[in-house]
Amino acid sequence: MKENSNLELNDGAKIAVLGGGPAGSFFSIFALKLTRQIGKNIDLTIYENKNFSHDGPSSCNMCAGVVSESLVQMLAIEGICLKPPIVQRAIDTYCFQTIGGDVFLNSPSKQRGIATVYRGGGPVNQAASETDKEHVFERKSFDDFLLDCAEKEGAKVENVRIEDIKLNNGRPIIFSKRGQLPDADLVVGACGINSKIIKKFEELGTGYICPSTIKAYQSEIHIGEQNVSDLFGNVVYVFLINQPGVKFAAITPKGSYVTVSMLGKDITRQTVMDFLNHPEVKSKFPDSWKTPDAFCRCVPKINVGAARHPFADRIVMIGDASSARLYKDGIGSAYLTAKAAANTAILYGVGETDFHKYYYPSCRKINRDNIFGKIMFAFTGIINQTPILREALLNASRYEQKHPESGYKCSTILWDTFTGNEPYIDIFLRAFNYKLLLRILVNIFNAIFIRLKKSGDKK
Ligand SMILES: Cc1cc2nc3c(=O)[nH]c(=O)nc-3n(C[C@H](O)[C@H](O)[C@H](O)COP(=O)(O)OP(=O)(O)OC[C@H]3O[C@@H](n4cnc5c(N)ncnc54)[C@H](O)[C@@H]3O)c2cc1C
């Protein structure tokens, strides 16, 4: 059975995990659990330069913080239960807001299975600095919580920035500002894609090329806990309002803030202000509310392509530094790649051939699925820019909600695409449903007919 390398982790082997985001913590939790189960011992250190309990972007892993329903369930099975104050709000509904109206989609499972979290200590507290009146909604960083879980499994956590990585006789050695760190039998690259260190992995000459990225714009807007509950509730709003240069815009409710996430070319603070002042968006905020001059914001990169060769002898790249599901459930991809890498390292070996054989299939699965994701989002883009198509699709969803027996599956297709709950290939295949396509065609003809009639009446 074994065509593996002879690079196995012996009892007491040292592992250096570079990055304590979700991928680094998940890897550490699974590797430590597994070694215990097989009666071995490893010495695992996570090197993380951020302190997730501080407020603001510098301590935050810059993300909308929506944990998919499927990941919440998988984590619960692993004994990692997400509860307040880590969970800032449980989501059960997505609303697609267009210029012509909205459609609400409820979770097919009838549970509030999606969790919204903060990846750092949370936004700089606008409430306290402005009025000092509102109590601070209790919050604990998701990343801090996962690091705690890893520590409980036996990981050491060092608050250190890794500055360099080199190869010495085929063994990776890592450096902080103070110099070389203890030798490791395996270095796990869980540094995400927003850190300069990723280029150092490329420079090792192992064939690794980091994933392609685009910039995202993320803003945290304070409206107060009561307003969040009354105006947004447990609903994530996706805006299909065709704002120039904006590919995707959504508002996610948290404790006393809402997170505005935008994707597109050259998004600036002004694009965010224009978005917040758009009538369809403004109508979601309190009547007396004025767009704040200052708010917590960041411009992180988001993974939109696969890394090449994310492994070598004694090195494995995981999470965003390797493969991530396109636009959705990046934390879920961090979980999947971390688990596959931990299983490979502990059960098979830490050689290039081991990672190629046992780890890489998990990355390949995500990468192949993303091809279908690209097609789905290309369609969504066309639909967003074409009012007749937008109307036809949302009307099909509205009709289906009134007539569940129609069997269009339009609502579940939209739900799964935007929540990241199901593989894109499954959603893509479900979209080829002749009943749904027929309904959309009928809706398109209806929309054209109404437009022609209106222009005829005007004449
Ligand atoms: C705007 C935006 C919104 C998103 N929204 C969602 C969402 O709602 N749901 C979802 O599932 N995914 C979302 N994602 C994707 C998600 O954020 C990532 O897929 C996920 O964080 C990847 O986890 P990771 O551990 O691989 O990397 P990261 O979360 O980036 O963690 C890497 C860690 O490594 C540390 N590190 C880096 N360099 C060094 C160094 N030199 N020394 C020491 N430590 C270092 C960093 O400080 C960081 O803690 C979003 C991404 C963006 C950009």
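**Exercise 1. State where Met62 is found and describe its phi angle.**

Step 1. Met62 belongs to the loop between β2 (42-47) and β3 (66-67); helices (H or I, at least four residues) and strands (E, at least two) are DSSP runs, numbered from the N terminus.

Step 2. The phi angle of Met62 is near 45°, which is a positive value in a residue other than glycine.

Step 3. The model is predicted, local features need pLDDT of at least 70, side-chain atom pairs count only at pLDDT 80 or more, and totals for chains, interfaces and linings use all residues. Residues are numbered from 1 along each chain as its sequence is written, and side-chain values use heavy atoms, with hydrogens and water left out.

**Exercise 2. Locate the cis peptide bond.**

Step 1. Pro84 and Pro85 are joined by a cis peptide bond, with omega about 0°.

Step 2. Pro85 sits in the loop between α2 (69-77) and β4 (87-91).

**Exercise 3. Describe the shell around the ligand and explain why the ligand lies between two domains.**

Step 1. The ligand has 36 residues around it, and Glu48, Val66, Ile162, Ser195 and Asp320 come nearest; a residue is near if one of its heavy atoms lies within 4 Å.

Step 2. Next come polar contacts (pairs of N or O atoms within 3.5 Å; within protein, one must be able to donate a hydrogen and the other to accept it, and residues adjacent in sequence count only if both atoms are side-chain atoms). A backbone N or O atom of Val66 is 2.8 Å from a nitrogen atom of the ligand. An oxygen atom of the ligand lies 2.9 Å from a polar side-chain atom of Arg119, and a polar backbone atom of Ile331 is 2.9 Å from an oxygen atom of the ligand.

Step 3. Both domain 1 (13-52 + 141-212 + 305-369) and domain 2 (83-137 + 213-303) contribute residues to the shell, so the ligand lies between them. The domain bounds come from an automatic or database domain assignment.

**Exercise 4. Characterise the largest cavity and the second largest pocket.**

Step 1. On a 1 Å grid over the protein atoms alone, a cavity is a set of points where a 1.4 Å probe fits but cannot get out, whereas a pocket is an open set with protein on both sides within 12 Å along at least five of seven lines; lining residues have an atom within 4 Å of a point. Grid points are joined across faces, edges and corners, and a volume is the space filled by probe spheres set on the points.

Step 2. The largest cavity holds about 140 Å³ of space. Its lining has 18 residues, with Cys60, Gln218, Glu220, Cys296 and Cys298 nearest its centre.

Step 3. The second largest pocket holds about 550 Å³. Of its 21 lining residues, Phe379, Ile383, Leu393, Ala431 and Ile440 lie nearest the centre.
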